[in-house]
Amino acid sequence: MGPLRSVVLCGGGTGGHIYPLLAFADCLRRHDPGVRITCLGTPKGLENELIPPAGYDLRQIPAYQLPRSVNMSLVRTPDRMWKAARAAGKVIDEVQADAVVGFGGYVSVPGYLAAWRRELPIVIHEVNVPPGVANRLGMKFTKNVAVGFPHQPVQAESLRDARVVGVPLRRGIAGLDRAAMRNAARAHFGLRPDLPVLFVAGGSQGARSINLAVSGAAKELARNGVQVLHVIGARNEPVSVPTDLPVPYVTLPYLSEMELGYAAADLMLARGGAMTCAEVAAIGLPAIYVPYPHSNQEQKRNALPVVEAGGGLLVDDAELTPDWLERTVIPLIRDRQRLAAMGAAAAGYGRRDGDVALLNFVYEAVAR
């Protein structure tokens, strides 16, 4: 019997909250097959597409977007929040939860509130600076805060006392041996085994500016023997790629098995989402990061430490042109020594054990 009989996990809305939740759930189950795992979600979130197929019980509760300023919606929030917390409390009572572990997203707040009212241990996992609104609220109810990256406690006062545990990653990624899988992964996508591969993915929704820059550089990349594996993103327009290229340029709307893309690649071109940075660093894949420009710069803060460690390059979205890509990617992807050094630096910064480190932190919190 493990120290936990039943755990409620909260996290929803985006992949950045759901993927670490699923990796942590897998880790819990591996270490204690008898533990009961229940996930809280909202009727509309991405969690509905990801959590049930992974084999976990998903309970839907009403969740409301939290206002970022004082307005009428804030006045109505206590009533709505009370309703959502009551629904979360019913689930917690029914499954007799020993602890609530939250990964952010609006659905986490009712879970935190309900656990706090029942004096249950609450553990929060946060990957961004500044922390998301839901986790910031949750921090008022617990001191058990874990973070994904060493730069977070340094950059955010609210995370100063947080434990750095890393980011829980799926086993397929955390255990990936890129060299051993390379040829099989390339064959899977119809890529040649003997030429370098640039793997392009702008996050789960894709990134239009990245798509346009890479497709614009397609001819020159191909002329220099660079193959491209390009995940466009489910919500983006298909990119127009020249048809008469001398080497493969493979486009996909979406890729659920990212480890295959990572294994096929010599170099990655990506945004700077926390999950992307955690995965790419952990497996030692050199990357060019193009942080999303219209936000509070959290993606730049995610990518910068990997880049400063020597594991990648950083380029502003506005500077990413076909010309920039041709000048940068072609010499880099042909320089095996430089790629190997960058990959080793990325792996030195990343970690593959975030799931187990978080599990140990949860066990400690429950024991306290």
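Asp355 is found in helix α16, which spans residues 354–367; helices here are DSSP runs of H or I with at least four residues, numbered from the N terminus. The model is predicted, so local features need pLDDT of at least 70 and side-chain atom pairs count only at pLDDT 80 or more, while totals for chains, interfaces and linings use all residues. Residues are numbered from 1 along each chain as its sequence is written, and side-chain values use heavy atoms, leaving out hydrogens and water.

With a relative accessibility of 1%, Asp355 counts as buried (under 20% relative accessible area, with a 1.4 Å probe and protein chains only). Beyond its neighbours within four places in sequence, Asp355 is in contact (heavy atoms within 4.5 Å) with residues including Ala23, Cys27, Arg30 and Val167.

Helix α1 (residues 15–31) packs against α16 at an angle of about 70°, the axes lying 9 Å apart. Axes are lines fitted to C-alpha atoms over the stretch in contact, and angles run from 0 to 180 degrees between N-to-C directions. This makes α1 roughly perpendicular to α16, a term covering 65 to 115 degrees. On the α1 side the contact is made by Ala23, Phe24, Cys27, Leu28, Arg30 and His31, and on the α16 side by Asp355, Val356, Leu358, Leu359, Val362 and Tyr363.

Helix α14 (residues 322–334) and helix α15 (residues 336–349) cross at roughly 90°, and their axes come within 5 Å. These two helices, α14 and α15, are therefore roughly perpendicular to each other. Here Leu332, Ile333 and Arg334 of α14 meet Arg336, Arg338, Leu339 and Met342 of α15.

Definitions and conventions. Buried means under 20% relative accessible area, exposed over 50%, partly exposed in between (1.4 Å probe, protein chains only). Angles under 35 degrees count as roughly parallel, over 145 as roughly antiparallel, 65 to 115 as roughly perpendicular and the rest as oblique.
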